[in-house]
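Please open the model in your viewer, with the sequence panel beside it, and follow the selections below in order.

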Amino acid sequence: MRLRGFAHHSLLHSFIHQNPSSSGCAKMGAGGRTSLPPPSRTSEDDNVKRVPFAKPPFSLSQVKKAIPPHCFQRSVLRSFSYVVYDLTIASILYYVATCYFHQLPSPFSFLAWPLYWAIQGCILTGVWVIAHECGHHAFSDYQWLDDTVGFVLHSALLVPYFSWKYSHRRHHSNTGSLDRDEVFVPKKKSSIQWYSKYLNNNPLGRFITLTITLTLGWPLYLAFNVSGRPYERFACHFDPYGPIYSDRERLQIYLSDAGVLAVCYGLFHLVMAKGLAWVVCVYGVPLLVVNGFLVLITFLQHTHPALPHYDSSEWDWFRGALATVDRDYGILNKVFHNITDTHVAHHLFSTMPHYHAMEATKAIKPILGEYYRFDGTPFVKAMWREARECVYVEPDQVPESKGVFWYNNKLDD
């Protein structure tokens, strides 16, 4: 919910080696043959062990058959219950902040606002996820209802609903492709700029890059396609005639722009009535939290030392969809409606509602086997690790993996 230099990161080849004669699993230790990792590092080594890149020995239909049929059923009432739940909590937080924070003694009021920003930002990220469900037609059986709910919710968060819906659909159609994926497309080593080693190879540069990414990454992606797929000309989510969209989609891009402009117009009047500081505190800072989590979630779902990317000679939809990772955000998994820890299932069956995704994930894990990747590393630690180790992608120097690219971070030859 990832900037272009930061989005393209990679695996430490000195620690992990692909065994082309095996099923694609990595073996740890010197030369990938003998030594066992120390007990304290076992879980970390398992986290970065490469997933297989060969064509899976199972089909998509076999995976689908493992999932209980009711998991694909969408309920209008149940979907709306999550909308009501999230908006109720957001309204209570707003009421408490605006009616009571000013009554607190000075030290406590300064502590109360950051707490409000963090909690409200997380709740509104859940609202963002529900709108994301609508864009996938996972909210209900009625496309018009999904688009109406998604349009209202996303516009309220300054997201051009239809514009993002169409580009995100293309991301799902081309996941893992170096040539056609839409977002967080890794760079090859030959495309890395000279300054990358200063930004990624030291803690201060990495911190600055992460800060810019989490605060400005989302608007930069929408407005300038930063970290997105390169197009032959300027690409922007607000441009109905941009290269991202087809002729039949352009009218809805206008509608998306109108929705965002309407909310901006309302915010302008709020500033006139309440003041800029009030709007920033009540709405602006929580929105920054939403945007930061959106970028972070998406980045961590598709950036991992164990995940392959494919060029056009090797890519296919199924392997690309499997080249994603489920993460653990603790209690925030529920707040974010499990978009964080059921992402693999989501990429395989994107019209499945989120409230069935956990059950579906448990059902498909035995089928996917080593093709399924879950990383329970705390998300802050994982963010720092991926920013350090996943700088660019390059293929292994073996014929069996030609066209398969892995993350690396060695910038000095």
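Begin by selecting strand β6 together with β7 (residues 404-408), two strands that run antiparallel and are joined by four bridges; helices (H or I, at least four residues) and strands (E, at least two) are DSSP runs, numbered from the N terminus. Within this pair, Tyr 392 has Asn 408 of β7 as its bridge partner.

Before moving on, note how the model is to be read. This is a predicted model, in which local features need pLDDT of at least 70 and side-chain atom pairs count only at pLDDT 80 or more, while totals for chains, interfaces and linings use all residues. Residues are numbered from 1 along each chain as its sequence is written, and side-chain values use heavy atoms, with hydrogens and water left out.

Now colour the chain by pLDDT, the predictor's confidence in each residue, from 0 to 100. The protein chain averages 89, and 89% of the residues score at least 70. Over residues 1-42, however, the pLDDT is below 50, although this stretch has 119 contacts in the model beyond near neighbours in sequence, a contact meaning heavy atoms within 4.5 Å. Where pLDDT is low, the predicted coordinates should not be read in detail.

Next, select helices α5 (residues 106-135) and α7, whose axes come within 10 Å and cross at roughly 65 degrees. The axes are lines fitted to C-alpha atoms, for helices over the stretch in contact, and angles run from 0 to 180 degrees between N-to-C directions. The contact is made by Trp 128, Ala 131, His 132, Cys 134 and Gly 135 of α5 and by Tyr 161, Trp 164, Lys 165 and His 168 of α7.

Which residues does Lys 165 touch, not counting those up to four places away in sequence? They are Gly 135, Gln 143 and Asp 147. Lys 165 lies in helix α7 (residues 161-173) and is buried, with a relative accessible area of 5%; buried means under 20% relative accessible area, exposed over 50%, and partly exposed in between (1.4 Å probe, protein chains only).

From there, select His 137, in the loop between α5 and α6 (143-156), where phi is near 60 degrees, a positive value in a residue other than glycine. Most residues other than glycine have a negative phi. His 137 counts as buried at 18% relative accessibility. Then go to Asn 338, in the loop between α13 (332-335) and α14 (343-348), for which phi is likewise near 60 degrees and the relative accessible area is 8%, so that Asn 338 is buried.

Tyr 372 is the next selection, in the loop between α15 (357-368) and β5 (374-375), and counts as buried at 11% relative accessibility. Leaving aside neighbours within four places in sequence, Tyr 372 is in contact with Asp 326, Asp 341, Val 344, Thr 361 and Lys 365.

Finish at Arg 385 in helix α16 (residues 379-389), a residue that is buried, with a relative accessible area of 5%. The C-alpha atoms of Arg 385 and His 304 are separated by 9.0 Å, while the two residues are 81 residues apart along the chain.

Terms used: Two strands pair if DSSP finds at least two bridges between them.
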